[in-house]
Amino acid sequence: MNQYKSLILLISLFTLSFSNGNAQEQTTNPKNEFRAVWIATVANIDWPKSNVDTVEKEKADFIEILDTYKKLNYNAVIVQIRSVGDAFYPTELAPWSRYLTGKEGKAPSPYFDPLEWMITEAHARGFEFHAWLNPYRATMDLKTETLSPTHDFYKHPEWMIKYGGKYYYNPALPEVQTHLVSIVNEVVRNYDIDAIHFDDYFYPYKVTGEVFNDAESFTKYGGGLNLDDWRRSNVNNLVKYVSLSIKNIKPWVQFGISPFGVWRNKSVDPKGSDTESGQTNYDDLYADPLAWMENSWIDYLVPQLYWSIDHPKASYSKLLKWWSENSKNTAIYIGNGTYKINTDSDKKWNNPNEIPNQINVTRTYKNIQGNVFFSAKAFVNKNRNVTQLLLEKQYKYPALPPAVPNSKKIVIDVPTVNSISKDTTNSSFTIKYPINSKVRYIMVYRAKNDSKIDVNNPSQIIEKICLTEKSGSIKVCVPSKKPDENSSCAVTFIDFYGNESAATILN
């Protein structure tokens, strides 16, 4: 009985006291906060660095990105796996991307499945993996001779609209919508992703002097709506069908969209923001994030607020407030433009505190729960003065992505520890595999000698372990305690929805 007591001191939901100092740490460093980075593959923006790199170099460069952001205490990666009617995974629905292999339609050599590999590497480091797809952009230019014969431009030319030096899928066609939903379905079924992610490209940004020629489709499918409302309904239908389809296949897979940062200007709509944006979601891209939230079609929004805090025409702080006040049924994270650091005509971006200050002001809105940064290369061996500031304060400790509003639930299983052993460097124990909950991670917490264990204190997070076993007992290894650390630990489960179980405390 005494041995049993020393093995497991407590299994329960619990609240433990902590010092005022710890309370302050939790205020400035939230335990639950979405911290993500976009990894753009189009035009080799972030990865692969070159489309002629070897597979070995591509893998090493991707791991460098993951390890960089792991050290910065990020917890999610949003990786572009479809940018121009192509794919970073094997599929009959699109050709291999030229940004991966140098030639569209050419498979990697030696062969591997980049998407499966990236997901495994991301999860092993505790990251959520959000699969980013651009639905409507078909090409980046008009050089159709470089396209694979299996590209939709050749298979379905009737789907294409030429505009602004590119080709786009016609959002109005039922066949296009069915095709795009099929692409999403295949990824959700075949891969262990945490989310499907769309960016801000719906109907294309307007180009002066050009007309998006969907007149024939409007005549056929307009249904009595005016042109603008009809285009918005086309986008709304895709968002709706994608949402329903994802949840039908894997209810835990999130659906997130990162729209352009301005819904509408107040000058044209009293509900709009106090901005002077040249283009807006509603009026130019025919995207209506307010409707998506109203109908609970999405799990999260990441409005792209790529401006400085006090920008005269589109202020980060004003837009932050607007999105906070207009959010509904949906998690809101904010998109930040780290690509502008030291490179923008707005000299506010030369101040290394611009991004830290943006995070600080974001945290003052309780219904906004994190930030996403464009793009990955901004902090990989670059802008170290900014990353140092973040590590010293805003991102000093790890954080867990919050469970999105529609996915919050009680995790029935609580870790059951079976045995403990230790050597000079590590302690290990086994945990019975949960039978009632779909669990992604085991969390391990440890306090300093002068503190009690408090699983709500991010400074006590020491390990986030991805479950690879599917049954039986799970062996967990953690570093043996340091001289200034408590001999006890706490362990919890994180389910596929991002919910955390009650804690088991063990000695």
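What is the volume of the largest cavity? I looked this up and got about 110 Å³.

I am working with a predicted model, where local features need pLDDT of at least 70, side-chain atom pairs count only at pLDDT 80 or more, and totals for chains, interfaces and linings use all residues. Residues are numbered from 1 along each chain as its sequence is written, and side-chain values use heavy atoms, with hydrogens and water left out.

**Cavities.** I counted 2 cavities of 30 Å³ or more. A cavity here is a set of points on a 1 Å grid over the protein atoms alone where a 1.4 Å probe fits but cannot get out, and lining residues have an atom within 4 Å of a point. Volume is the space filled by probe spheres set on the points, which are joined across faces, edges and corners.

**Largest one.** Its lining includes Glu128, Asp194, Arg440, Lys464 and Asp495. I find at least two lining residues from each of strand S14 (439–445) and strand S17 (489–495); strands are DSSP runs of E, at least two residues, and helices are runs of H or I, at least four, numbered from the N terminus.

Helix H7 (residues 174–190) gives the most to the lining, with 3 residues. Arg82, Leu133 and Phe198 are among the lining residues.

**Whole protein.** I noted 14 helices and 18 strands. The C-alpha trace spans about 80 × 50 × 40 Å along its principal axes. Buried residues (under 20% relative accessible area, 1.4 Å probe, protein chains only) make up 59% of the 507 residues.

Definitions and conventions. On a 1 Å grid over the protein atoms alone, a cavity is a set of points where a 1.4 Å probe fits but cannot get out, and a pocket is an open set with protein on both sides within 12 Å along at least five of seven lines; lining residues have an atom within 4 Å of a point. Buried means under 20% relative accessible area, exposed over 50%, partly exposed in between (1.4 Å probe, protein chains only).
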